[in-house]
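Colleague: I would like to learn how to read a few features of a protein model. Could we go through them one at a time?

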Amino acid sequence: DARLPPGVAAISAADADADRVRLLDDALRDDIPGTAGWRSTPAEFAAETFDPPAFNPATYLVAVDEGTGKYIGLVRIWMNRAGPRIGMFGVLRAHRRRGITLALLARCLLTAREAGHRTTTSEYDETNDASRGVFARLGARQTGTTMELATGPPAA
């Protein structure tokens with residue numbers, strides 16, 4: 001039942017300007033632990049976003065400030081063979097705490113449910129309080145843990 005706040009619209013990434021979505025993606029990653037400084041080229045972004053079979057225009061939404069036309073947030077759920085996976089969500093700092101993420105996620109999750117999926121997976125960095133809060137509000141439950149061992153660059 002989540003609704004976007006007045007003055008905010010949602011469009012599919014398929015209908016959005018791909019370069020503006022890429023720049024939004026890069027900006028949002030600056031606030032995600034482990035991805036700060038991430039930058040993609042237009043060709044890389046297009047190939048990794050729109051070409052995979054998991055891309056679904058109804059589960060990759062962009063929030064747009066209707067007054068300025070600025071892209072302010074996004075949610076993407078990859079519709080994988082094994083089931084839907086939340087790939088990323090976020091809203092620019094100046095537009096947070098207005099329910100935008102929850103509204104976009106609700107739309108995407110409804111699409112996944114209508115496609116017959118009862119569960120959706122995701123992962124997040126344990127230090128990411130914002131993601132933890134969103135998942136808690138949605139009623140998500142932890143089903144496992146993942147460990148990563150970084151050993152540094154390969155020996156020369």
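Colleague: In which loop is Ala14 found?

Modeller: This is a predicted model. Ala14 belongs to the loop between β1 (8–12) and α1.

Colleague: Is Ala14 buried, exposed or partly exposed?

Modeller: Buried means under 20% relative accessible area and exposed means over 50%, with partly exposed in between. Ala14 has a relative accessible area of 42%, so it is partly exposed.

Colleague: Which residues does Ala14 touch, apart from those up to four places away in sequence?

Modeller: Contact means heavy atoms within 4.5 Å. On that basis, Ala14 touches Phe50, Phe55 and Pro57. Phe55 is 41 residues from Ala14 along the chain, and the C-alpha atoms of the two are separated by 9.5 Å.

Colleague: Where does Thr59 lie, and is Thr59 buried or exposed?

Modeller: The loop between α2 and β2 (60–65) holds Thr59. With a relative accessible area of 0%, Thr59 is buried. Beyond its neighbours within four places in sequence, Thr59 is in contact with Val75, Arg76, Ile77, Met79, Cys108 and Thr111.

Colleague: Now the helices. At what angle do α1 and α2 pack?

Modeller: Helix α1 (residues 18–29) packs against helix α2 (residues 42–50) at about 90°, and the axes are 10 Å apart. Angles of 65 to 115 degrees count as roughly perpendicular, so α1 is roughly perpendicular to α2.

Colleague: Which residues make that contact?

Modeller: From α1 come Ala18, Asp19, Val21, Arg22 and Asp25, and from α2 come Pro42, Phe45 and Phe50. By class, the residues of this contact are five nonpolar, three charged and no polar.

Colleague: Turning to the strands, in what sense do β3 and β4 pair?

Modeller: Strand β3 (residues 71–80) pairs with β4 in the antiparallel sense, over eight bridges. The two strands form a hairpin, with two residues between them. Asn80 stands opposite Gly83 in β4.

Colleague: How many residues of β4 are buried?

Modeller: Seven of the nine residues in β4 (residues 83–91) are buried, and the strand is mostly covered.

Colleague: What pattern does the protein follow along the sequence?

Modeller: The pattern is β-α-α-β-β-β-α-α, from four helices and four strands. Of the 156 residues, 36% count as buried. The protein exposes about 9,800 Å², and carbon and sulfur atoms supply 51% of that area.

Colleague: Among contacts between residues at least 6 apart in sequence, what percentage join residues at least 24 apart?

Modeller: For this protein the value is 62%.

Key: Residues are numbered from 1 along each chain as its sequence is written. This is a predicted model: local features need pLDDT of at least 70, side-chain atom pairs count only at pLDDT 80 or more; totals for chains, interfaces and linings use all residues. Side-chain values use heavy atoms; hydrogens and water are left out. Axes are lines fitted to C-alpha atoms, for helices over the stretch in contact, and angles run from 0 to 180 degrees between N-to-C directions. Angles under 35 degrees count as roughly parallel, over 145 as roughly antiparallel, 65 to 115 as roughly perpendicular and the rest as oblique. Ala, Val, Leu, Ile, Met, Phe, Trp, Tyr, Cys and Pro count as nonpolar, Asp, Glu, Lys and Arg as charged, and the others, Gly among them, as polar. Buried means under 20% relative accessible area, exposed over 50%, partly exposed in between (1.4 Å probe, protein chains only). Two strands pair if DSSP finds at least two bridges between them. Accessible areas come from the Shrake-Rupley method with a 1.4 Å probe; for residues, only the protein chains shown count as cover.
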